[in-house]
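Hi everyone, thanks for coming.

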Amino acid sequence: ILNKKREDMKNIVKYVCIELDITQKALSEEIGVSEGTVNRWSAKPEDVPLQTQKTLKILLENAQLKENQNKLQTALSLLEEVKNTQNIAI
């Protein structure tokens with residue numbers, strides 16, 4: 001399984017689909033290209049245009065930022081809950 005993950009990391013299309021838990025069809029809709037184009041890039045990752053590579057990296061970064069924001073929001077909510085139950089100033 002680890003070797004499969006390393007292999008997929010070399011293929012940005014497959015890597016993005018795995019990390020975002022989306023299909024190649026969903027990725028094609030997200031970036032505004034045909035499903036056939038994404039399928040072709042998946043088979044031949046060296047054909048992915050530089051601008052598309054940058055777009056895919058931004059999609060990954062955006063997903064990570066959203067995940068971090070959700071974690072921070074959860075932490076803030078927990079702190080607020082503790083504050084309210086303990087009557088302390090944070």
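Let's start in the loop that links helix H1 (2-10) to H2, where we find Asn11. Keep in mind as we go that this is a predicted model. Is Asn11 buried or exposed? Asn11 counts as buried, because its relative accessibility is 6%, and the cut-off for buried is under 20%.

What does the side chain of Asn11 do in there? One of its polar atoms sits 3.1 Å from the backbone nitrogen of Val13. A polar atom of that side chain also lies 2.5 Å from the backbone oxygen of Ser42. Setting aside neighbours within four places in sequence, Asn11 touches Trp41, Ser42 and Pro45.

Beyond its neighbours within four places in sequence, Trp41 is in contact with Asn11, Val13, Ile31, Val33, Asp47, Val48, Pro49 and Thr52. Trp41 also belongs to the largest nonpolar core, which has 11 residues, including Val13, Leu27, Val38 and Val48. Helices H2 (12-20), H4 (35-43) and H5 (50-86) each give two or more residues to this core, and H2 supplies the largest share, with 4.

Finally, let's see how H3 and H4 meet. The axes of H3, residues 24-31, and H4 come within 8 Å and cross at roughly 115°, and the crossing is right-handed. On the H3 side we have Gln24, Lys25, Leu27, Ser28 and Ile31, facing Glu35, Val38, Asn39, Trp41 and Ser42 in H4. By class, that contact has 4 nonpolar, 4 polar and 2 charged residues.

Methods. Residues numbered from 1 in each chain as written. Predicted model: local features only at pLDDT ≥ 70, side-chain atom pairs only at ≥ 80, totals over all residues. Heavy atoms only, no water. Core = buried A, V, L, I, M, F, W, Y, C linked by side-chain atoms within 4.5 Å. Buried < 20%, exposed > 50% of the residue type's maximum accessible area, 1.4 Å probe, protein only. Contact = heavy atoms within 4.5 Å. Polar contact = N/O pair within 3.5 Å; in protein donor to acceptor, adjacent residues only side chain to side chain. Axes fitted to C-alpha atoms, helices over the stretch in contact; angles between N-to-C directions. Left-handed = near helix turned anticlockwise from the far one by under 90°. Nonpolar A, V, L, I, M, F, W, Y, C, P; charged D, E, K, R; others polar.
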